[in-house]
Amino acid sequence: MFACRLLIGFALAASASGYFRAAEPVPASEPKPAPAGEPVVTPKPPAANPADAATSRGVRDPVWAAPPLEPVARAHFEKGQYKEALDAYTRWEPQSFCYNCAMSMRDNRYRRIALCHAHLGDHAAAARVCLEAAGAPTWGDTGVAEFAVQLYRAAEQLEDLTALLDVIEKGIIDKQHPKAWLLTPDERLKLLGLRGTLVVRSRLKASKLDELKPWPDGVPKPKPGSLPKTLPK
């Protein structure tokens with residue numbers, strides 16, 4: 001009995017003296033550092049200007065990539081600033097969800113580039129642009145085929161233009177058929193498809209019938225015999 005009282009008294013004395021203390025709280029775990037070699041990514045605030053926004057791949061949205069060049073080029077052209085217009089038209093890449101619209105815009109681009117060269121006195125460059133357009137697909141004449149004939153007629157070289165059209169068409173057909181010389185005229189025409197050369201040939205017929213439009217106002221005419229007689233390599 002005496003021993004039990006002794007043990008109880010010892011326990012009370014130890015509690016009063018703070019011998020049995022509550023366990024200290026475990027500190028919260030500190031954030032682990034980023035693995036070596038991996039940069040810490042800090043989120044950037046949203047761009048104030050939509051033009052500065054980028055996709056997750058770092059590629060600018062095409063809507064905001066650059067201002068439309070066609071209105072800029074047209075404005076320079078209408079003001080007679082042909083050097084600036086030529087630069088803008090050259091950099092402009094027509095795009096449209098409508099295939100016909102895209103081709104029409106591209107043909108108009110060819111014509112404006114050729115006219116810029118002609119205004120600047122480089123008629124050989126203007127002719128090369130028209131010949132490039134003649135080798136491309138088209139849905140009709142938006143002016144570049146007509147201007148090609150006007151150029152070569154003013155330079156008194158319509159026969160050279162006819163020969164160049166033959167070379168362009170031969171190159172197109174040869175790439176599609178290994179023995180093009182065996183093809184009938186209808187088969188050759190089918191391989192050509194809706195090609196610019198066919199539109200130029202129709203304007204050549206109009207020229208022979210004196211139905212071609214007059215030379216554009218304000219555009220200097222080429223000197224006789226000054227236009228290309230061969231295709232650029």
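**Stop 1: a buried glutamine**

Select Gln150, which is buried at a relative accessible area of 6%. Here buried means under 20% relative accessible area, exposed means over 50%, and partly exposed lies in between, using a 1.4 Å probe and protein chains only. Gln150 is found in helix H6. Helices (H or I, at least four residues) and strands (E, at least two) are DSSP runs, numbered from the N terminus. Now show what surrounds this residue: leaving out residues up to four places away in sequence, Gln150 touches Leu212, Lys213, Pro214, Trp215 and Pro216. A contact of this kind requires heavy atoms within 4.5 Å.

Before continuing, please note that this is a predicted model, in which local features need pLDDT of at least 70 and side-chain atom pairs count only at pLDDT 80 or more, while totals for chains, interfaces and linings use all residues. Residues are numbered from 1 along each chain as its sequence is written, and side-chain values use heavy atoms, with hydrogens and water left out.

**Stop 2: the whole protein**

Zoom out and colour by secondary structure. The protein has nine helices and zero strands. Of its 233 residues, 31% are buried. Among contacts between residues at least 6 apart in sequence, 65% join residues at least 24 apart. Display the surface next: the accessible surface comes to about 16,500 Å², and carbon and sulfur atoms account for 59% of this area. Such areas come from the Shrake-Rupley method with a 1.4 Å probe; for residues, only the protein chains shown count as cover.

**Stop 3**

In soluble globular proteins, nonpolar side chains tend to be buried together.

Centre the view on Leu151. Apart from residues up to four places away in sequence, Leu151 touches His123, Ala126, Ala127, Cys130, Trp215, Pro222 and Leu227.

**Stop 4: helix H9**

Select residues 196-208, which form helix H9. At 1.5 Å a residue, these 13 residues should span 18 Å, and the end C-alpha atoms are 19 Å apart, which agrees. The expected span is 1.5 Å times one less than the number of residues.

Which residues of H9 are buried? They are Gly196, Thr197, Val199, Val200, Leu204, Ala206 and Ser207. Look down the axis of H9: the buried residues fall within an arc of 165 degrees, so they line one face of the helix. The arc is that of the directions from the helix axis to the C-beta atoms. That buried set packs against helix H5 (123-134), helix H6 (144-154) and helix H7 (158-176). On the other side of H9, select Lys205 and Lys208, which are exposed. Then move on to Asp210, which follows H9 and has a positive phi, near 60 degrees.

**Stop 5: salt bridges**

Side chains of opposite charge can pair when their charged atoms come close. A salt bridge is a side-chain nitrogen of Lys or Arg within 4 Å of a carboxyl oxygen of Asp or Glu, and the whole structure contains seven.

Select Asp166 and Arg201, whose side chains form a salt bridge at 2.6 Å, N to O. Asp166 lies in helix H7 and Arg201 in helix H9, so the pair ties together parts that are 35 residues apart in sequence. Arg201 is partly exposed, with a relative accessible area of 23%.

Glu169 forms a salt bridge with Arg201, with the closest N and O atoms 3.1 Å apart. Glu169 is buried, at a relative accessible area of 10%.

Finally, select Asp174 and Lys170, a salt bridge in which the closest N and O atoms are 2.7 Å apart. Asp174 and Lys170 are four residues apart in helix H7 and are therefore separated by about one helical turn.
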